[in-house]
Amino acid sequence: MRCAVAVMTALLLAAGVVEAQELTRGPFLQLGATDSMVVVWRTAAPLTGAVEYGPDAGLGLSVESPAPSTEHAVALTGLSAGTEYHYRVLSGGVVVADGLRFRTFPGPASAGEFRVVVVGDTGTGNQAQLDVAAGIRLSAPDVGIHTGDFIYPRGGSDLEMDRKYFGIYAETISRSVIYPTVGNHDLDDGGTVFFGSFHLPDDSPGGERYYSFEYGDALFLILDSNQGMGVGTAQHAWIEEQLAGSRKLWKVVSLHHPLYAAWLAVEANRRVLDPLFARYGVDLVFQAHAHFYERFYPMRNGRAVATGEDPDYQDPDAPIYVVTGGGGGSLAQRNPGANTAYYASVYHHVRLDFQGSRLLLSAVGRDNQVFDNMSISKVVAPVFRRGDTDGDGELLITDAVRILNYLFLGGALISCLEAANFDNSESVDISDGIHVLNYLFRGGPPPAPPGPLPGGCGPDPDAPGGPGDLGCEEYSGC
Ligand SMILES: [Fe+2]
């Protein structure tokens, strides 16, 4: 098919129907990070490329893709976390996409507020898919997940991928990274088009087939349910390693074939993954393949828990499974069981609003109306770190200012008094403020270990795995 596309493009170029530098795909974003972003695009003919970017519309920075090619993936590096950048794309020296923006991922200690969209089973190109895509654009996500099946009816080609994905979501994917989950139809051609389209994290044993990414205080696992997931498989071991090794407040999973659904649930996968997800505190599992919306009560080993709290859960301590397979593929109608909290055979996308220790889920129909809501709240132990006067887990210049303000102007400390005692001396004094500045700007010694704490500072943060356990490397002499 690539060959057919090339022949057709050559004919159109010769006839003057398309310009050589004309974009045939993108630009779209991939591999987002706190300090980098990858911009990807495709042109009608092999040309050099460049991305001009900067913190404002004046741009000022540039990275070139000097080898003439129809395929370009340019990494912008050395960026600041949680920062908006403007960018534009040049092809053969001509500006072909202008006035674009993205925001880098927020820093690891930043809980913050951010929005994620989830959509799946999209690729028909029909009006329903266009309506849902318009809703996603209005949701303006910071980051997104596609739960799989990018092209219907079967398999795909680059042309179909352009028509049923890159064209339809062009604006959204130029400003936010949408992470793809591989569905069954994405492998109809052996995965050539799917894996040739995306640039994904590839450091799992499965390469780009399954991977993880972090955004704010959330870990996302994107799994491959087309291959084995049972105990003893590389993927199962990797899932456990990822979940056990993460201290993120929120853990979200995406896989195409459902574990819990009114239709097409894969019982063998459910038996091996359900206990794993429950044990390691997975909050949400997004699934697709069945073309409807279905939200379950929190599920543990096949049983619903905390059903009386629906739809606003407080620390449910069991994953909530959601089928989001209504992105454009022909809808299916099935009868949900007793473990289902909400079911609707409707076209939709899901919006997740992370608000610190609270997470709000909204299911949005093709008419852009929210038809289902659910929230999860968690009691989060305060983070304690000497010098961190507002308890946000980070040492910043504002912490030093707050100490001096407290000492000399009667200002308030947001966290407990002991948090201002950077050096764990007998009292809070000016040296604590100076120590913070020295640590931040001159490579001075780090804060003293927490030690025994008075009341009001939360639970013992020094305990292994406790909220203040920042690792021995953070402290001298531990
Ligand atoms: Fe599917």
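I took buried to mean under 20% relative accessible area, exposed over 50%, and partly exposed in between (1.4 Å probe, protein chains only). The model is predicted, so I kept local features at pLDDT of at least 70 and side-chain atom pairs at pLDDT 80 or more, while totals for chains, interfaces and linings use all residues. Numbering runs from 1 along each chain as its sequence is written, and side-chain values use heavy atoms, without hydrogens and water.

**Iron site.** I looked up the donors (N, O and S atoms within 2.8 Å of the metal, 3.2 Å for Na, K and Ca; water is not among the atoms, so sites may look incomplete). Asp149 (OD), Asn184 (OD1), His256 (NE2) and His289 (ND1) lie 2.2 Å from the iron ion. Their spacing in sequence reads D-x34-N-x71-H-x32-H. Asn184 sits in the loop between strand S8 (177-180) and helix H5 (192-197), and His256 in the loop between strand S11 (250-254) and helix H7 (267-279), so the pair ties together parts 72 residues apart in sequence. I numbered these elements from the N terminus as DSSP runs: helices (H or I) of at least four residues, strands (E) of at least two.

**Accessibility.** His256 is buried at 0% relative accessible area. Asn184 is partly exposed at 22%.

**Sheet.** I then traced the pairing (at least two DSSP bridges between two strands). An open, mixed sheet of 7 strands runs S9-S10-S11-S12-S17-S13-S18. Strand S9 (211-215) and strand S18 (340-344) are its edges, each pairing on one side only. Strands S12 (284-287) and S17 (320-324) run parallel, joined by 4 bridges. Val285 stands opposite Tyr321 in S17.
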